[in-house]
Every structure is written in C-alpha cells, then in structure tokens.
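Q: Hi! I have a protein model open and I'd like to go through it with you. Could you help me make sense of it?

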Amino acid sequence: MNRHLLCLLLAATTLRAEVKLPSIFTDGMVLQQQQLVRVWGTGEVGEDVKVTFGDQSHNSVTDPNGKWSITLNPMNANATPADLVVMGKNTITIKNVLVGEVWICSGQSNMQWTVKQAGNAEVEIAAAKHPHIRMFNVERSPSMTPQADCKGAWKEATSGNVGDFSAVGYFFGRHLHQVLKVPVGLINTSWGGTRIEAWTSHDSLAERPCAQDLLADWKDHVGKWDAAKEQAAFEKRKTDWQALVKKMDEENAKLPADKKKTKPQAPRPPDDPAKTPHHPSVLFNGMVAPLVPYGIKGAIWYQGESNQKRAFQYQELLPTLINDWRKQWTDAFSFYIVQLANFGNGKPVTKDPGVADTWAELQEAQTLTAQTLDKCGIAIINDIGEQNDIHPKNKQEVGRRLALWALAKDYGKEGAEYCGPLYQSSVIQADKVRIQFTHTGTGLKTRDGGEPKHFQIAGADKKWVWAKAKIEGNEVVVWSESVPQPVGVRYAWASWPEGANLMNAEGLPASCFRTDDFLPSTLGVVSPFKENVPAKP
C-alpha cells in the first residue's frame, strides 16, 4: 500500500477514535451545584468512555451515532479548582473546574453591552478580582439548522478579562456571588439588534398561531432572494449616496459651521435572509441548542427593543420562548426578564395623554409574562433609562435588580422586597378609580415626595386626560373632574414617561400599567415585513 495513503488512513482512524467534548466543557468551567449534571460528547461508535470528577466516576458507551453522555450526581458548591477527566481511547483533562451557580444571560444589545461600555467602567474593571465568577461568551453564529457545538471559552472575572463580559450578566453574577459566597458561572449568549423569534426553536414557533404569518413571510423572502439583483441595487444606492455626499461636502465647504448640513447614513449592503441573525430560530440553532442540556439554575433575559412594533404579538412570543427553553432543558428553570428602560425612542416627549406607544405596549407584554408564568420575574428599570440612548449605562443596578429576584425566589432570601409595585386590580368608585398593587414592600411613596405623577384617565369615549392621584395606604386613587364616569387608568404609558415617580419604600419603581381593555396599537402586526403600519389610538 502507498505509504502516504497508509498514513492518511491511520490519521483518519485516530481522528475517529478521539473522544471529544463540546466547547462549553473547557478549562475554567462552572458546574451547577445540587442537581444532576450531564456531561456529553462524541467518540468512535462502541467506544468505552469514563468520566471522573472528584470522588465520582461514571461510564458510558458511544451509541450508533457516535454520541455518549453521563450524569454526575448532585454536588455541593466548591470553590477549590478540580480536574474533570474524560477517558476513551484518548484522555481529556479539563482543569480549574468549580461547582456553584450557573445562569444563562441572553437577549439583544443591552445584554451584549460590555463592562467596558458601562458606567464607571474604569473603576469596575480595576476592582474585578473575582476568580470564582466566570463567564462563557458564546461566539455569535446564526444557523439554519440546530448545531451540536458553538465556539467560546470560560474566563475568570479579572481586570484583564471582565471588560469584555456582558455588563448585566457580570453585575447580576457579582451580586449573587457576594451574597451566596459560592462560585458563579455565567453563559452569555446575546446579539445586538436581534428579535425574539430568532432565539426560539422552529418547532415551538410552528405551534403558535401568532407566528404563522411571520414564518410564511420569511420562507417567501428566502425563496425570492436574488443575490446578484440585490447586490446590483445596493451598488446603485451606494453610488447615488457617494454623489450626494460629494455634493454636500462642496456645499458645506462654503457654509459656516452652524449652517452645515448633516450627511445621510451610508446605505447598508444586502442582508441574505438565509444568513441574517434576524431569521426565525437561527440564534436558537447556533447559540442556544449547543448549550442544551448543560446544567443551569436559570436564565436572565434583556430583549424586546427590536420587537416593539409587534408588542401585542410579544405577549405570546415571550412565553413561547420561555416554555421552549424549559422544554429543551426538561427543566422549568427560573427565568427573569428585564423590562425595557425608559427611553425617548427617537420621538419628541409628548405632553398629550392618550398617545399610542409601542414601547409601553412591549413593557406591558413583558410584565404580563412575568405575572402569568411560574418561576418568572421582572426587573423594572424605568427610572434609570437615558432619553437619547437606548443603552442605559447603569448596568450595575439592572444586574442587582435581577439578582434580587433570584435571591428571593431561588435562594430563599425573601426578607426584603425584590420588585417594584406591579398592578394587581382596580375598583371604580363613582368618579374615582382605586388601584391595588403587589410588591408594595413597606409602603408606596413617590421618588420626589410629591403627588404621584403621569397618571391619565378616560371614560367610555376613550378620551384620555391627565389625572390627579394620591397614595392611600398601599393603594393609589386616581380621578379627574373632567371624567365623571371613568373606565380606565394608565400610568407611565410612554417610552419616556417624564415625571413618573411611583415606587415602594425600598426604592424600586412601579411598572407602567393600564386598567383599560382598549385594543392596543400593535394588535394584528405579526410579521417584521408588515411592521410599518399606522398606530391605532
């Protein structure tokens, strides 16, 4: 036999025989304490595999597909680094493994936002000396089919690493670590500008009536895609843009600084619908499926900005994602949502009540999900947003408020209030509406000590007016002399609810809410290809 061919055959045989692990199982990983923990990988068909960790040793045999898995027995938290050894025809030693609490951190840009981009970044980075907090950053990679592996590495929260950590994830994990005194592992799988349907499996979306138009429109879009035609159209737009910019440069050269015209943004290149991160399920396939069934305690979620024009649909899409992930892991794990922060949303601040607002409708969808599904919660942050920046810098408080939920609900530390006031019910009493809340803590108050602001009220005619409000015990009473027979009240119902000030005595702000059952402006908008429709009042 040809020597070269023999070498290739021997190399191929050796390659097939190698036991392999997904990249989530690498040096520095954190395993979830006090629950069964799966370890899995691939090898040659029929290969004996032995996994050893601490005083545990488990055996498996690869199946006809070359896959194997074992289950570690529940372990207590352990901050002493240990080796996890996998032995087949080769040996893999994973070093510096800890046991503690593991959480998935997912969403779009506000979850992706790094510590070095957050407020007080230099101080936070310099102070990062937490080797028992680790983060695994999943490399951003969309896929049209579910993947068995992803790229990434576990890193310790040191000054040299933490700048690239998800800020919300890090500050959430740091708070848990400081209170629980155990290692914390954080798996950051996030991508700016993405929509919730990209993070949900195809099978789960296909079961939901609200997603049928969305899926059909994407299928049609992919089928009609003509790359050459789209590229030609882009080149024309680019040429036209360059000519316009050149002309403006010549005109601006003759104008004083305060009269110069702003240049238009450059046209974007065509986005292949089969490769874009916006296609349904592609981020689940490439960035979530490879993590299943790694042992986790729960997930934190900061997303929704890119779905605001379909906010009513989000009332169904968010529970669909949560139930989907829980089904994938066969575990009804805790899931904590960040409600969108207050933000100008590219619009002037309205002084008029009754204005349709997609941002508030998305916030409502998030809150309803948290109030409806078991083991869900919501961190309300409508007091730390920035009017002209969709990425509020104060990620420390976002992480802390998420951690308050986890500490109370997952770790038995319910001594203090962990959420801002949430609308519970209302009673109409003549010309007034009396509103009840959950999570009032040790009492309702206002941030500035004055009367509650940014309440509006309407009668059956749906004509909203600004209302008066006062706190009575753990309730708020709302009225207006111009609405003698009220049917509904709204609070902080705007993307930038200037002056909204209701909170509990623990300093956690009240969520926006409405008591009416009027149809929302985003009702019936169920596809990103049909989002540009006029809002209904």
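Q: Let's start with D448 and K453. What do their side chains meet in?
A: The side chains of D448 and K453 meet in a salt bridge, with N and O 3.5 Å apart. Keep in mind that this is a predicted model.

Q: How accessible are those two?
A: D448 counts as partly exposed because its relative accessibility is 47%, which falls between the 20% and 50% cut-offs. K453 is partly exposed too, at 41%.

Q: How many salt bridges does the structure hold?
A: The structure holds 28 of them. One is between K89 and E44, where the N to O distance is 3.0 Å.

Q: Where do K89 and E44 sit in the chain?
A: K89 is in the loop between β6 (78-87) and β7 (91-107), while E44 is in the loop between β2 (37-42) and β3 (48-53). They are 45 residues apart, so this pair links distant parts of the chain. As for accessibility, K89 is exposed at 59%, and E44 is partly exposed at 25%.

Q: And how far apart are the closest N and O atoms of D389 and K393?
A: They are 2.7 Å apart, and this pair also forms a salt bridge. K393 is partly exposed, with 29% relative accessibility.

Q: New topic: G443. Where does it lie, and is it buried or exposed?
A: G443 lies in the loop between β15 (432-438) and β16 (444-446). It counts as buried because its relative accessibility is 12%, and buried means under 20%.

Q: Which residues does G443 touch?
A: Leaving out residues up to four places away in sequence, G443 touches N474, M503, N504 and A505.

Q: How far is G443 from L340?
A: Going from C-alpha to C-alpha, they are 24 Å apart in space, and 103 residues separate them in sequence.

Q: Let's talk backbone. What kind of peptide bond joins V292 and P293?
A: It's a cis peptide bond, with omega at about 5°. P293 is found in the loop between α8 (282-287) and β11 (298-302).

Q: Why would anyone point that out?
A: Most peptide bonds are trans, and most residues other than glycine have a negative phi.

Q: Okay, then what is the phi of N96, and what about A492?
A: N96 has a positive phi of about 60° although it is not a glycine. A492 is not a glycine either, and its phi is positive at about 55°.

Q: Where are they, and how accessible?
A: N96 lies in strand β7 and is partly exposed at 23%. A492 lies in the loop between β21 (488-491) and β22 (502-504), and counts as buried at 1% relative accessibility.

Q: Zooming out, how many helices and strands are there?
A: The chain has 11 helices and 23 strands. Of its 537 residues, 51% count as buried.

Q: What is the radius of gyration of the chain?
A: It is 26 Å, which agrees with the value near 24 Å that a compact globule of 537 residues would have. The C-alpha atoms fill a box of roughly 95 × 65 × 50 Å along the principal axes.

Q: And how are the charges placed?
A: There are 60 positive and 59 negative charges, and their mean positions are 4 Å apart.

Definitions and conventions
Residues numbered from 1 in each chain as written. Predicted model: local features only at pLDDT ≥ 70, side-chain atom pairs only at ≥ 80, totals over all residues. Heavy atoms only, no water. Helix = DSSP H or I, 4+ residues; strand = E, 2+ residues; numbered from the N terminus. Rg over C-alpha atoms; globule rule 2.2 N^0.38 Å. Buried < 20%, exposed > 50% of the residue type's maximum accessible area, 1.4 Å probe, protein only. Lys, Arg positive; Asp, Glu negative; His and termini not counted. Charge placed at Lys NZ, Arg CZ, Asp CG, Glu CD. Salt bridge = Lys/Arg side-chain N within 4 Å of Asp/Glu carboxyl O. Contact = heavy atoms within 4.5 Å.
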